[in-house]
Amino acid sequence: MADKKKRFKSLYSFLNRVMFEKAYNDLNKNASAGIDKVTWREYGKNLEANLLDLETRLKEKRYHARFVKRVLIPKGKNKFRPLGIPALEEKIVQWVVREILQSLFEPLFLNCSYGYRENRSPRQASDALWEKLMAGRYRWVVEADIRSFFDTIEHEKLLTMVEKRVNDQALTRLIRKWLRAGIVLENGDIKYPEEGTVQGNIISPILANIYLHYALDQWFERTIKPGCKGQATLIRYADDFVACFEHERPATNFYKNLPNRFKEFGLEIAEEKTKKLKFNRFERDSSESFTFLGFVYTRDISRKGNHIVRRKTDKKKFRNKVQDFKKWCKENRHRRTRWIMEMVKSKMRGFRNYYGVSGNGGSINALIWHYTKILFKWLNRRSQRRSYNWDRFNELLKFYNVFSLRRLTCEGYQLNFLSCLA
């Protein structure tokens, strides 16, 4: 793998029973069934014979990509995200191919890329950006958004990129089958995509990373950065990225050239979400804020009078968390109290682990206040009689060690909430 220009042969031979069994054991056991309606447990009842048959069909080139069932996942108010659910055997084979591609392309991927890579997370991408802004001399930021990225990837360009490391036509043909597999829509119609890769396919994240590695990362590192005066850096998580520059001219050039660069790869910039902004510690009053991976980044002054970059929870993400918790409480209020409390602790722990950064304690306290109020409401609606008053409810939270509470008046909370999310 040390030779980054080497192309590898005989990769198709890795599609065997041993790898299929590893893939099967790694799959989500409770995931929804695809168009074949075969669940993980049903397939495992005759696992050895099923995997042998799958291996035989692949070797004899009798394997056909099955239709993908599409479902719509709510995404904000009156918005939905299309998600594909492949058949179980499709998941197994895609798992193996994903492992092959990851091992081949991981040495090529740059440090600026954090999405869908082993031992890398959104929080690490956010921390890396914060550290660069704190330590570097960056005064200009370009935040960008790609319109319908997964739906606009050009198949032939993607396969050409894959072939930079894969010298096995059988494996390339298999990937092509998945890209062109029919999608069963909600009304029963079948759509055969000419571009894009289905979100929900196990192989889609690594294909997206490969595409943006050549379309964006490598271009920035080899073309944009060497031509910049001063510092320049890029941080990308999947299709969400931010570029930072020391001087305005390089930032302007990048901002102007980005749409043309993406046009070469069939991609389009969402102009309403893409902008160049000033982010200068010495001109803090005229500096703007920007959002990346759920955090709002702003220039600020610390209590000691030092220039700092402050991260706070994005208001939209905060509202979504509250609405999701409200819906969850309504649907699960009939369950046992212990189960509910453990789940609340788990949800709160996840929020703290991600958003628990210096200077963002106000949003965590605000979320605790919302969660407490919602939980109190729905636990009291489990029967016709009111189960808890506030004293008993506080004792319940203390017993299960859910979170420590401070009694806040509504007016006091509003002032605290507005200040912490301003």
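Reply: Helix α11 (residues 315-332) supplies the largest share of the positive patch, 5 residues. The patch itself is formed by Lys75, Lys79, Arg81, Lys273, Lys315, Lys316, Lys317, Arg319, Lys321 and Lys347.

This is a predicted model, in which local features need pLDDT of at least 70 and side-chain atom pairs count only at pLDDT 80 or more, while totals for chains, interfaces and linings use all residues. Residues are numbered from 1 along each chain as its sequence is written, and side-chain values use heavy atoms, with hydrogens and water left out.

Now the terms. A patch takes residues with over 30% relative accessible area and no salt bridge; like charges are joined within 9 Å, and nonpolar side chains (Val, Leu, Ile, Met, Phe, Trp, Tyr) within 5 Å. Lys and Arg count as positive, Asp and Glu as negative; His and the chain ends are not counted. Helices (H or I, at least four residues) and strands (E, at least two) are DSSP runs, numbered from the N terminus.

Lysine 321 sits in helix α11. Its relative accessibility is 36%, so lysine 321 counts as partly exposed. Buried means under 20% relative accessible area, exposed over 50%, and partly exposed in between (1.4 Å probe, protein chains only).

Next, the charges that do pair. Side chains of opposite charge can pair when their charged atoms come close. The whole structure holds 27 salt bridges (a side-chain nitrogen of Lys or Arg within 4 Å of a carboxyl oxygen of Asp or Glu). One of them joins arginine 137 to glutamate 246, with the closest N and O atoms 3.2 Å apart. This pair links distant parts of the chain, 109 residues apart: arginine 137 is in the loop between α5 (122-135) and β3, and glutamate 246 is in the loop between β7 and α10 (248-263). Arginine 137 is partly exposed because its relative accessibility is 48%. Glutamate 246 has 10%, so this residue counts as buried.

Another salt bridge joins arginine 236 and aspartate 217, at 2.7 Å from N to O. Arginine 236 belongs to strand β6 (residues 232-237) and aspartate 217 to helix α9 (residues 204-224), so the pair ties together parts 19 residues apart in sequence. Arginine 236 is buried, at 0% relative accessible area. Aspartate 217 is buried too, also at 0%. Some salt bridges share partners: Asp36, Asp53, Arg57, Arg66 and Glu89 are joined this way into one network.

Strands of a sheet pair through backbone hydrogen bonds, either parallel or antiparallel. Here, two strands pair if DSSP finds at least two bridges between them. Strand β3 (residues 140-145) is mostly covered, with 5 of its 6 residues buried. β3 runs antiparallel to β7 (residues 240-245), joined by 6 bridges. β3 also pairs with strand β8 (residues 275-278), again antiparallel, over 4 bridges. Glutamate 143 has a bridge partner in each neighbour: valine 242 in β7 and lysine 275 in β8.

Finally, the whole chain. The protein chain has 15 helices and 11 strands. Of its 422 residues, 47% count as buried. The C-alpha atoms fill a box of roughly 70 × 65 × 40 Å along the principal axes.

Conventions: Areas by Shrake-Rupley, 256 points an atom, 1.4 Å probe, with all protein chains shown as cover. Charge placed at Lys NZ, Arg CZ, Asp CG, Glu CD.
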